[in-house]
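Here's a two-chain model to talk through. Have a look at it, and then we'll go through some questions.

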Amino acid sequence: MKLLDRSKSTDFAAALAAAGYRVAAPVSDGGLVRIKEWAPGAEIAASEMPLNSMKDFLFPRTEVIGRWTLEGDGFASQDVRPDAPKTAVLFAKPCDAAALAVLDAVFNWDCKDCFYNAKRDAAAVAVLACGSADEHCFCTSVGGSPGEAHGADLLFRPADGGLRMIVEPLTAKGKALADAAGSALSEGQAQADPIARPAERFDPGKASAWLASNFESPLWKELSLPCLGCGACAYACPACHCFDIQDEGSRSESVRCRNWDSCGFGLFTLHAGGHNPRADQSARWRQRMMHKFSYFPQRFGRLACTGCGRCARLCQAGMDIARACARISPRENA
Amino acid sequence: MSGAIGAMRADAAKLLSEGAVKLVLGYCVRGNERYPCFISEAAQAEALDFDQSCRQNLAAYLRKPEVRGRAPLAVVSSPAVCRSLLVLSSESQIRENEVRALAIGPKGYGGILGLGALGAWLKADYPDLVPEQALLDRVAELSAKTAQERAKFWMKEFEKCTRCYACRAACPGCYCERCIVEKNMPQWISSAAAGHGNYAWEVIRAFHQAGRCTGCGACEAACPQGLPLMLLNARLSQDAFEEFGSRPGYELEAKPLIGSWSAEDDGSFIR
């Protein structure tokens, strides 16, 4: 079997960079771990849960999707192509890779989004199975597993007590990654480590069923009371994909930007005339729950949550989508 | 501290059972974390807790219509929260009898205090709430750099900002019904999370806090990206104190630094 010594993680990244990949990996950055573009010297924190998700590399927080110029009376539309370099995402989380199916579905729904798809096509995703989980992880409650690699091109399995990883290419893109790694990989034998097993906290089918008939439940007011209405949860979420379109520029030149947006903001649904159909935070937080566990499954046959737990991990107000799901759909044996 | 927490819980239960307040805002412990918690029945008072790890500033909830609509309220109030209540009072955002504090801090429980009594409690037990020395040292270190070096430092930090506005949400002072970043007809500042839009947002946020920030640190604690927002806030607070003697959050009817003027103000800098 193909093996990667954990101590050679940066060699692997360097080999891919030398082969022409832009390499994204969880990197220690001022005490925090972020998935960011790897540069020589950066310390890879392969097993850590980064504070951002890998969606940043497919659906960036801001992206220019149009450009215009005006010279005299001459108005011209400039050609804007997706910025989609060949990219290797290393040591992504299984829950991040699972969210690719959510993004793929929505960005290929009524139109094929060329900006997303160009980045998606250019990206090879290498997942590291999770040897540990914290109290906020709940992938097993939403049909995922810390040992699976749905959506990934290559799977690393932790082995030999964390010293090595077993390398399993799953697609042609994954095989290309392994081929480009050169001497960073070795042939040999290793014993796979046990994978994490976060507790199953709720039954997603029951949650969806409850949501479908409880739009007007008084529980929304109670559940949403701590929410202060920021976008931290949506922006850290690997599956959230709402955006705003903004035109910016001067008289002579303008750009059209696609920027992340969040249903947690009042402005998200504020009409030009002043009316807001989601008048308070309970309506906004209900939308977050409904979209992930009711509307999205109705439209696309899958949940728009993969249980990474980032939203609850970083929310200072203590909003916790898994706790809310457990409240509305407790497991029989819980 | 356990005696103080017991007394605080008993007062919360008393206020609720007497009908003197309809909702108590406090903290609860969940795992290793401290979170805001809301109770509306006396029997729930046992859920309330408090220690030095309770960093969220509960005064931020007073701008939330769903909370405000349930006044009269009681708020478990650390010295930092008390200062924010006084700032909100001095800026005409809350009124006596609308909010009561269950004042609690490292020196114990101060009882049920109306807004008018907060200043005396603070001045008696916490007269000199100043930032931690480590923060002041970092402010001094940064202040000693050249303007170019500082700009470079902040541009690198501001690039991390995703514009999630967790800092704004966590801050009691950010109560504008329509924040500058939400002025979109036309768009006042770029909402793209990059470059000049991030710079504008971060600097405007900090400037709007000058002479109003009480140094609670909730914004920095809420920032998912780990931006050192308190470096900006603390420096502006220093300037506000040194130039104008501003120490927000100690007086019920203090004149807001930015929101007030007098004919005697120094105008010599206007040329």
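Predicted model: local features only at pLDDT ≥ 70, side-chain atom pairs only at ≥ 80, totals over all residues.

Q: How many bridges pair strand S8 with strand S9 of chain A?
A: Two strands count as paired if DSSP finds at least two bridges between them. S8 (residues 154–159) and S9 (residues 164–169) of chain A form a hairpin with four residues between them, and Leu154(A) faces Pro169(A) in S9(A). The two strands pair in the antiparallel sense, and the number of bridges is six.

Q: Which residue in the turn of that hairpin has a positive phi?
A: Four residues lie between S8(A) and S9(A). The one with a phi of about 50° is Asp160(A).

Q: How many bridges join S1(A) to S9(A)?
A: These strands run antiparallel, and Asp5(A) stands opposite Arg164(A) in S9(A). The bridge count for S1(A) and S9(A) is four.

Q: Which strands stand at the edges of the open sheet in chain A, and why is one side of each left without a neighbour?
A: The eight strands come in the order S3-S2-S6-S7-S8-S9-S1-S10, with mixed pairing. Each edge strand has a single partner strand, so one of its sides has no neighbour in the sheet. Those strands are S3 (32–37) and S10 (185–187) of chain A.

Q: What angle does the direction of helix H1 of chain A make with that of S2(A)?
A: Axes are lines fitted to C-alpha atoms, for helices over the stretch in contact, and angles run from 0 to 180 degrees between N-to-C directions. Contact means that the C-beta atoms of two residues, placed from the backbone, lie within 7 Å. H1 (residues 9–18) packs on the sheet and touches S1, S2 and S6 of chain A, and its angle with S2(A) is about 145°.

Q: Is Asn214(A) buried, exposed or partly exposed?
A: Asn214(A) is in the loop between helix H6 (204–212) and helix H7 (219–224) of chain A. Buried takes 20 or more other C-beta atoms (placed from the backbone) within 10 Å of a residue's own, exposed takes 12 or fewer, and partly exposed is in between. Asn214(A) has 16 such neighbours, so the call is partly exposed.

Q: How many residues of chain B are in contact with chain A?
A: On the chain A side, helix H8 (232–236), strand S11 (243–249), strand S12 (253–260) and helix H9 (281–300) each give two or more residues. In total, 31 residues of chain A take part, and the chain B count is 27.

Q: What separates the centres of domain 1 and domain 2 of chain B?
A: Domain bounds come from an automatic or database domain assignment, which gives domain 1 (2–125) and domain 2 (133–244) in chain B. Across the boundary, 13 residues of domain 1 are in contact with 11 residues of domain 2. Taken over C-alpha atoms, the separation of the centres is 27 Å.

Methods: Residues numbered from 1 in each chain as written. Chains lettered and ligands numbered in written order.
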